[in-house]
Amino acid sequence: MIYLIGGPPRVGKSTLAWMLLERAGLPGCPTDALVSMLQRAAPEHGVRHGTHADKAELAQPFLIEFVRAAAEALDATDPEDGYVVEGDIVTPAAATEAGGLGIPLASVFLGNTQLTPEQLRGTPDWLEGADDATYREIAAWVRDRSAALREACTASGHVYVELGAGHAQGIERAYASLLKRT
């Protein structure tokens, strides 16, 4: 089983992935590694870090191949065998495409439509040294991306978990949702 976790930056994707690692013993990979490799080794594809609108779309073919390879490496005789893939390039469209290829997967998408600049400031080593305007701009971008993600999940039937009104409880709901779908 492939466990896909998507959402904009700073909503809890890595936290959820670590929960799957620690509680369920599942290995995984953040898609930041894939984006970094593509940015350096194949810049002609345009996949790069940042908050640009086409990042996930440009990365989707590479993400699907990565997910396919991860699924093929799993032991089909072991129902507990799984792999976690998390990152902001994991989208409902990518989950739908991977599922359409027969890849066994469970997915959840996290968002925070109430994120504040102050909450971003509490994130270690992220936007370090940025001015107040940058924090406001990124928080607004995450809120907007979260709202768009919620709509995309509703339209496609994927699970969306809002973390703005209770982060810890939302992460637990997302964890239970992933494991329930296996």
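Biologist: Let's start with H1 and helix H7 (residues 167–180): at roughly what angle do their axes cross?
Modeller: This is a predicted model, so keep that in mind throughout. The axes of H1 and H7 come within 10 Å of each other. Their crossing angle is roughly 60 degrees.

Biologist: Does that make H1 roughly parallel or oblique to H7?
Modeller: Roughly parallel would need an angle under 35 degrees, and roughly perpendicular starts at 65. The pair crosses at roughly 60 degrees. H1 is therefore, relative to H7, oblique.

Biologist: Is the crossing of H1 and H7 left-handed or right-handed?
Modeller: We're still on the pair whose axes come within 10 Å. As for the hand of the H1 and H7 crossing, it's right-handed.

Biologist: Which residues of H7 make the contact with H1?
Modeller: On the H1 side you've got Thr15, Leu16, Met19, Leu20, Arg23 and Ala24. By class, the contact of H1 with H7 divides into 9 nonpolar, 1 polar and 2 charged residues. The H7 side is made up of Ile171, Glu172, Ala174, Tyr175, Leu178 and Leu179.

Biologist: On to H3 and H4: are they oblique or roughly perpendicular to each other?
Modeller: The axes of helix H3 (residues 55–73) and helix H4 (residues 92–100) come within 10 Å and cross at roughly 45 degrees. Roughly perpendicular would take 65 to 115 degrees. So H3 and H4 are oblique to each other.

Biologist: How many nonpolar residues are in the contact of H3 with H4?
Modeller: H3 passes H4 in a right-handed crossing. H3 brings Gln60, Leu63, Ile64 and Val67, while H4 brings Ala93, Ala94, Glu97 and Ala98. Next to 1 polar and 1 charged residue, the nonpolar count is 6.

Biologist: Which element supplies the largest share of the largest nonpolar core?
Modeller: That core has 29 residues, and Ile2, Leu4, Leu63, Val67 and Val85 touch the most other members. Strand S1 (2–6), helix H2 (31–41), H3, strand S3 (83–87), H4, strand S4 (105–111) and helix H6 (132–156) each supply at least two residues. The largest share is 7 residues, and it comes from H3.

Biologist: Is leucine 34 buried or exposed?
Modeller: Leucine 34 sits in helix H2. Beyond four places in sequence, leucine 34 is in contact with Phe62, Leu63, Phe66 and Ile89. Its C-alpha atom is 8.6 Å from that of phenylalanine 66, 32 residues apart along the chain. Buried means under 20% relative accessible area, so at 13% leucine 34 is buried.

Biologist: What about proline 30: buried or partly exposed?
Modeller: Proline 30 lies in strand S2 (residues 28–30). The relative accessible area is 36%, so proline 30 is partly exposed.

Biologist: What is phi of arginine 10 near?
Modeller: Arginine 10 is found in the loop between S1 and helix H1 (13–24). At 36% relative accessibility, arginine 10 counts as partly exposed. Phi has a positive value here, in a residue other than glycine, and is near 65 degrees.

Methods:
Residues are numbered from 1 along each chain as its sequence is written. This is a predicted model: local features need pLDDT of at least 70, side-chain atom pairs count only at pLDDT 80 or more; totals for chains, interfaces and linings use all residues. Side-chain values use heavy atoms; hydrogens and water are left out. Axes are lines fitted to C-alpha atoms, for helices over the stretch in contact, and angles run from 0 to 180 degrees between N-to-C directions. Helices (H or I, at least four residues) and strands (E, at least two) are DSSP runs, numbered from the N terminus. Angles under 35 degrees count as roughly parallel, over 145 as roughly antiparallel, 65 to 115 as roughly perpendicular and the rest as oblique. A crossing is left-handed if the near helix is turned anticlockwise from the far one by less than a right angle, and right-handed if clockwise. Contact means heavy atoms within 4.5 Å. Ala, Val, Leu, Ile, Met, Phe, Trp, Tyr, Cys and Pro count as nonpolar, Asp, Glu, Lys and Arg as charged, and the others, Gly among them, as polar. A nonpolar core is a set of buried Ala, Val, Leu, Ile, Met, Phe, Trp, Tyr and Cys residues joined through side-chain atoms within 4.5 Å. Buried means under 20% relative accessible area, exposed over 50%, partly exposed in between (1.4 Å probe, protein chains only).
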